[in-house]
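Please take a moment to look over the sequence and the model before reading on. The paragraphs that follow begin at a single residue and then widen to the whole chain.

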Amino acid sequence: MGLAEVSGILWKERELMELLLFKLEEEQLVLAAGRTRWLAHATREVEFVMEQIRTTEVLRAAEVDAVAAELELEPGPSLNALAAAAPEPWGELMRGHRDAFLTLTAEIQNLADANRDLLASGARALRETLLGLDNPLDTYTADGRNHAAGGSRAHFVDEAL
């Protein structure tokens with residue numbers, strides 16, 4: 001029976017999803033530290049793991065369809081349907097995979113959302129800084145009074161950008 005092959009592919013997918021979670025955390029650390037030099041590398045690693053996951057999903061779909069036919073299920077069954085139709089201990093193992101995928105998916109989504117927010121706030125700060133560079137700087141007169149050139153105010157520039 002192909003349930004062993006399906007389980008093996010599911011384990012591989014779980015490992016890849018955990019690796020994706022790790023790579024997203026790396027990306028977040030790079031973003032939070034303002035180390036934009038490494039951002040392209042971190043993003044490329046995330047994309048590489050995503051491509052491996054897509055490839056594994058195709059293999060899983062083909063194997064699950066073969067097992068579904070053996071278990072007299074429609075093609076493309078969910079892990080729940082597969083677990084319900086599979087003999088034990090395979091049913092319990094499929095339910096375990098399903099629970100792990102739900103947890104990993106939620107963690108990945110939360111981390112991806114947080115990274116997206118960090119990128120957006122960094123882009124916003126950079127845009128505001130660049131817009132402020134066109135304004136002349138405040139200067140001081142000979143008697144020490146502030147002379148705002150062009151009526152502008154002083155701006156704080158975040159050197160981490």
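**Starting from one threonine**

Thr-56 is found in helix α2, where helices (H or I, at least four residues) and strands (E, at least two) are DSSP runs, numbered from the N terminus. The model is a predicted one, in which local features need pLDDT of at least 70 and side-chain atom pairs count only at pLDDT 80 or more, while totals for chains, interfaces and linings use all residues. Residues are numbered from 1 along each chain as its sequence is written, and side-chain values use heavy atoms, with hydrogens and water left out.

Is Thr-56 buried or exposed? With a relative accessibility of 3%, Thr-56 counts as buried; the word buried stands for under 20% relative accessible area, exposed for over 50%, and partly exposed for what lies in between (1.4 Å probe, protein chains only). A polar atom of the Thr-56 side chain lies 2.9 Å from the backbone oxygen of Gln-52. If neighbours within four places in sequence are left aside, Thr-56 is in contact with Ile-9, Lys-12, Glu-13 and Leu-16, contact meaning heavy atoms within 4.5 Å.

From this residue we can turn to the chain as a whole. Its secondary structure comes to 4 helices and 2 strands, and, read along the sequence, these follow the pattern α-α-α-α-β-β. The chain has 161 residues, of which 28% count as buried. Among contacts between residues at least 6 apart in sequence, 59% join residues at least 24 apart. The chain exposes about 10700 Å², and carbon and sulfur atoms supply 58% of that area, as calculated by the Shrake-Rupley method with a 1.4 Å probe; for residues, only the protein chains shown count as cover.

Helix α1 covers residues 3-33, which makes 31 residues, and reaches 45 Å from its first C-alpha to its last, close to the 45 Å expected at 1.5 Å a residue; the expected span is 1.5 Å times one less than the number of residues in the helix. After α1 comes Gly-34, whose phi is positive, near 70°. Glu-72 lies in the loop between α2 and α3 and, at 75% relative accessibility, counts as exposed. In the loop between α3 and α4 the residue to look for is Pro-89, for the peptide bond from Glu-88 to Pro-89 is cis, with omega near 10°.

What lies inside? In soluble globular proteins, nonpolar side chains tend to be buried together. A nonpolar core is here a set of buried Ala, Val, Leu, Ile, Met, Phe, Trp, Tyr and Cys residues joined through side-chain atoms within 4.5 Å, and the largest one in this model has 23 residues, those with the most contacts inside it being Val-6, Leu-20, Leu-82 and Met-94. Two or more residues are given to this core by each of α1, α2 (39-70), α3 and α4 (90-132), and α1 gives the most, with 8 residues. Leu-82, if residues up to four places away in sequence are not counted, touches Val-6, Val-64, Val-67, Leu-71, Leu-73, Pro-77 and Met-94.

Ala-83 has its place in helix α3 (residues 79-85), and Ala-83 is buried, with a relative accessible area of 2%. Beyond its neighbours within four places in sequence, Ala-83 is in contact with Gly-91, Met-94 and Arg-95.

Charged side chains complete the picture. A salt bridge is a side-chain nitrogen of Lys or Arg within 4 Å of a carboxyl oxygen of Asp or Glu, and by this rule the count comes to 8. One of them joins the side chains of Glu-45 and Lys-23 (3.0 Å, N to O), and this pair links distant parts of the chain, since Glu-45 is in helix α2 and Lys-23 in helix α1, 22 residues apart. Glu-45 counts as partly exposed at 35% relative accessibility, whereas Lys-23 is buried, with a relative accessible area of 14%. Another salt bridge is formed by the side chains of Glu-51 and Arg-54 (3.4 Å, N to O); because they are 3 residues apart in helix α2, Glu-51 and Arg-54 are separated by about one helical turn.

Technical notes:
A polar contact is a pair of N or O atoms within 3.5 Å; within protein, one must be able to donate a hydrogen and the other to accept it, and residues adjacent in sequence count only if both atoms are side-chain atoms.
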